[in-house]
Amino acid sequence: MSRARPDPIVLLGAALGLAALALPWVNFRENRLVLGEGFPLLGLPAGWLLPALWLALGALAWSSWRSDARTAWLGAVLFAVTCAGVSGLLGGAASSLMLEATPLARVSPAGGFWLSVLALYVAGFGLSRWPGAARWSGLLGLLAFAAVPLLGWWQDLGLAQEYANIAGTFWPQLGLHLALSLTALLLALILGLPLGLAAARHERLSGTVLGVAGFLQTVPSVALFGLVLPVFSALGRDATLGSYVGWAGGALLLGTALWRLFGQKIAGLLGGLLALLGVQALLLLGGLALIGMLEGVWLGGRSFSPEALSLSAPLSAWGIRGIGAAPALLALTIYALLPVVTNTFVGLRSVPPALTDAARGLGMTGGQILRRAEWPIALPFIMEGIRAALVLTFGIATIAPLIGAGGLGFFIQRGVEGNVPDLVLLGALPIVLVALLLSGLVGWLGQRLTPPGLRPEAAAQGAELTEASPEVRSVS
Amino acid sequence: MSRLGVQAALLAAGWAAFFWLVSAQELWARVMGALFPQVSTPVYERNTLWELTWQHLGLTGVTMTLVVLIGVGLGVWTTRAQGHAFLPLVNNLTTVGQTFPPIAVLFLALPLVGFGATGAVAALTLYALLPVTRSTVLGLQSVDRPVLDAARGLGLSAAQRLWRLEVPVALPAVLAGIRTALVLTIATATLAPMVGTGGLGVPIIAGLGADNLALILQGAIPVALLALLGDLTMRTLERWLTPWVP
């Protein structure tokens, strides 16, 4: 058996883990008004455990016998124990500090803990590239880390105490956050897919369409929220439901008529756009009604009153005002537009012309070619656009509470205003976690929706094998 | 004049117009006062718009300097023999990290570093590093293996290969990454006032809190223009530095 080299990535993880011990592990505050005091891990009970674990993991990464199946097991188990150690020592530190403190005191994770989490990620990434059982160390470590809070051992942490204070509104706000970003995504799809199709079909349009979408994307999100506010403020004050629906419906009808009359000519395309915008305006109303209803049911705020349904009611009764979900929804839709349009365009452009020619030769109509030949090939690209758009809107919805809409940003805003860092974390951490989850979910869905013959898996596997070949050689 | 010259001249005019606009405090007060007569404070009064703009530019400038130095350095190092072992890690971190919403990252840094400019710069830098590092790595890796081998065969040293061969090939990707990072930083820095710094976000956030549309517009219009000008400047720079890219 030849000597394997030390694994530099796992070593880096262990070194980061040891370096983290020099930073304060937790921050202790008597109450909200005083400044915190940092406590290093080594001064806390059982604090020596973590450096011991990191040293053992480092030694394993340095050693030369890692091709052994038993070493792989040892690495995975040791890593899982270290993960549980980091997580457990955070809860333990909180419990020991809270023993003699008042209920107003708060213990928050500090720099040392956060650096340890990064160290765990790095070490876990390195270990999962080892052969054998070590491949599962990432999953094992995640489970071990999560087991500690799930078993309730973080109960003395400020995070858990703040959660207990807002437990009733946490899940509704998460639901509103999701509802807002998913509705925006739906609106962006309804406008973006046809726009992408039009851009792919008409060379002269593509520059304009992609340029406008890119331009809108460049405007900073807060500024965009600010710029759409006056529009909705004026709409809510001056327009009635009847006039709004009338204009939107009129645009839809006129647009459809133009589209039918002129088809692919410029007037027809403009008509199509007009019709789409009419549909958007109507769907925006529907989305607002949905979000308003959810808000009423979950948070018990203003519920939807039947007066809003009267055609002469001002739009503000429907929830269209300067402040609220309406400007948030429109701004998020505008943001989600670019990834959807660009990816639809790129996806349709990636269809080989020979394929569409063959389909035409088979006697397929334009619609059939689109559905059966082009759509399956463009779909992976479109799904990637949907993934990007969803992550984008979910992230930007964080600032929706600034303009009076709901969402997890509500806790961030309250935490910032009241100087409660734990509350800020309680808003920001779930946003990051759910964004990662959604991204993974849509990515997986995209893979499933790709026809088997088009999946890049075979090619990717081949690439992985070649990339891993030096490893394979050193191991054997 | 060439097309590039026209573009550069327009850009210079755009920047001049921008700086004139943010220096015209009186004009803002008069226009906003006329547009929103019911508002008692049509302009932000604690700082002039000029000061706020320079705070924003300062925050963006410090962040981008750090980002370019660290990001390009990291990208070059992981594609050399010395750092090659860390390439998979860097690739993984930059891909996964970009799924993190930038706004959430800004607020995650708050409990970590505390209120103030340091925390804001740290968070902005950390996030903007991702596109720059990623595009540097991708750009440097896009050099064809046989071409590199040929250069080695010609007797070029590692440094010569980097400067004469890899940098020109990677430059368009690196510049595009820097452009993405710049636009992102200008946008996210707008929220930095919430974590205790200044900038053009200050009147926006104050206006949102007080339901004052005039204040919101006073911040939103300049920051939108700044982002667009930053984007255009980088695009012009790309065209000037890499004229071979179609």
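What is the relative accessible area of Glu384(A)?

A: Glu384(A) has a relative accessible area of 38%, which makes Glu384(A) partly exposed. Buried means under 20% relative accessible area, exposed means over 50%, and partly exposed is in between, with a 1.4 Å probe and protein chains only. The model is predicted: local features need pLDDT of at least 70 and side-chain atom pairs count only at pLDDT 80 or more, while totals for chains, interfaces and linings use all residues. Residues are numbered from 1 along each chain as its sequence is written, chains are lettered from A and ligands numbered from 1 in the order in which they are written, and side-chain values use heavy atoms, with hydrogens and water left out.

The side chain of Glu384(A) meets that of Arg387(A) in a salt bridge, at 2.9 Å from N to O. A salt bridge is a side-chain nitrogen of Lys or Arg within 4 Å of a carboxyl oxygen of Asp or Glu. Side chains of opposite charge can pair when their charged atoms come close. Arg387(A) and Glu384(A) are separated by about one helical turn because they are three residues apart in helix α13 (residues 366–396) of chain A. Helices (H or I, at least four residues) and strands (E, at least two) are DSSP runs, numbered from the N terminus.

Over all chains the structure holds ten salt bridges. One of them joins Arg349(A) and Glu203(A), at 3.2 Å from N to O. This pair links distant parts of the chain, with Arg349(A) in helix α11 (residues 325–349) and Glu203(A) in helix α7 (residues 203–218), 146 residues apart. Arg349(A) counts as partly exposed at 37% relative accessibility, and Glu203(A) counts as exposed at 56%.

In chain B, Arg179(B) forms a salt bridge with Glu238(B), where the closest N and O atoms are 2.8 Å apart. Arg179(B) lies in helix α8 of chain B and Glu238(B) in helix α10 of chain B, so the pair ties together parts that are 59 residues apart in sequence. Both residues of this pair, Arg179(B) and Glu238(B), are buried.

The secondary structure of chain A comes to 16 helices and three strands. Its C-alpha trace spans about 80 × 60 × 30 Å along the principal axes. Of the 476 residues in chain A, 48% are buried. Contact means heavy atoms within 4.5 Å. Among contacts in chain A between residues at least 6 apart in sequence, 79% join residues at least 24 apart.

Trp298(A) is another partly exposed residue in chain A, with a relative accessible area of 39%. Trp298(A) lies in helix α10 (residues 266–299) of chain A. Not counting residues up to four places away in sequence, Trp298(A) touches Pro172(A), Gly175(A) and Leu176(A). Trp298(A) and Gly168(A) are 130 residues apart in sequence, and their C-alpha atoms are 9.3 Å apart in space.

Chain A also meets chain B: 42 residues of chain A are in contact with 36 residues of chain B. The two chains bury about 3500 Å² between them, 87% of it on carbon and sulfur atoms. Buried area is the accessible area (1.4 Å probe) that two parts lose on being put together, summed over both. Leu89(B), Thr99(B) and Leu208(B) supply 16% of the area that chain B buries against chain A, more than any other three residues. Across this interface the rule finds zero salt bridges. Helices α4 (87–97), α5 (102–113), α8 (158–189), α9 (201–210) and α10 (213–241) of chain B each supply at least two residues of the side that touches chain A. Of these, α10(B) gives the most, with ten residues.
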